[in-house]
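Keep the viewer open as you read.

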Amino acid sequence: MTTSTTTFASSAFAELDYLKTPEFPTENFGNWEFQDADDELRVIAEFIKEKTSHNSEIDPERIKFLYTTKAKKDAGRYIAGYLIARSNMDKMVNDDYDYFLVVFHPAWKSLDSKQKTIQLDKILCGIEIAPGKDPSEVLFKKKQTDSREYTENMRHFGAEEVLKSSEIVDMACVQAIEKAKEDAKKAKNGEVVDANVFDEDEQF
C-alpha cells in the first residue's frame, strides 16, 4: 500500500484555505440540527473530483451537503460525517439529489484544509453507482468501509495520514462534545454562552 501521494502535495491544500466553515449562533439560528453546507463542501468535493482517480466519477451537484450538530460513531470512534443514499421512493418526491452528505459541524470547523479534504474524500468513497436491471437504470448505493477505512482513501493519501486524520477527528469530536456539555451546564445556571448545544447520537 502506498504511504504517500503526490496528487495532494502540501501546497495544493492552500487552494482551499479561503473556505471558512460558517458559524450558526444560537441567537440567530436557535438549537438547530441541520444547516446547508453546499458553499464549503461542494467546493472541496469538486477539488477531490479533479485531483483523485477513485472519486473522479462523482457528481457533487447531485449531493446535498449539510452540517449537523449530532455526533456520530462508527465502530466506537467518532467520525467526521456520513453519507446517505436516497431511496427511489424519496426521489419520487424530489429528484434533485442522489445523496445526503453530512458533517459534524462543531468538529469540522476545527479542521484545516488538509484534514477536511482527507475526511470528505473518505466519505465520498462510500458512493457506489451501479447498473440496474434495466439497461437505462442507474442505482445509487452506499458502499461499506473496508474494516474502518476505505482502501481507496488510504491508498491515495497514505495509511498513516488517514489513520492520523481519523484520530484527529475523534479527538476534535470529543472536545466539542465536552465543550457543549459545559456550555449547557453554564446556560442552565443562567450564564451566557455563545455556542450551539447539540445532542450526542451514539448510533450510526
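## Ground rules

Two strands count as paired if DSSP finds at least two bridges between them. Helices (H or I, at least four residues) and strands (E, at least two) are DSSP runs, numbered from the N terminus.

This is a predicted model, where local features need pLDDT of at least 70, side-chain atom pairs count only at pLDDT 80 or more, and totals for chains, interfaces and linings use all residues. Residues are numbered from 1 along each chain as its sequence is written, and side-chain values use heavy atoms, leaving out hydrogens and water.

Four strands form an open sheet in the order 1-2-6-5, with mixed pairing. Strand 1 (34-36) and strand 5 stand at the edges with a single partner strand each, so one side of each has no neighbour in the sheet. From one strand to the next, the twist averages 30° (axes are lines fitted to C-alpha atoms, for helices over the stretch in contact, with angles from 0 to 180 degrees between N-to-C directions).

Strands 1 and 2 run antiparallel, joined by three bridges, and Asp36 stands opposite Leu66 in strand 2. Strand 2 (residues 63-68) runs parallel to strand 6, with six bridges; here Thr68 has Phe104 as its bridge partner. Strand 5 (residues 81-85) pairs with strand 6 in the antiparallel sense over five bridges, and Gly81 stands opposite Val103.

## Burial and helix 6

Five of the six residues of strand 6 (residues 99-104) are buried (under 20% relative accessible area, against over 50% for exposed and in between for partly exposed, with a 1.4 Å probe and protein chains only). Helix 6 has eleven of its twelve residues buried, so the rest of the structure largely encloses it.
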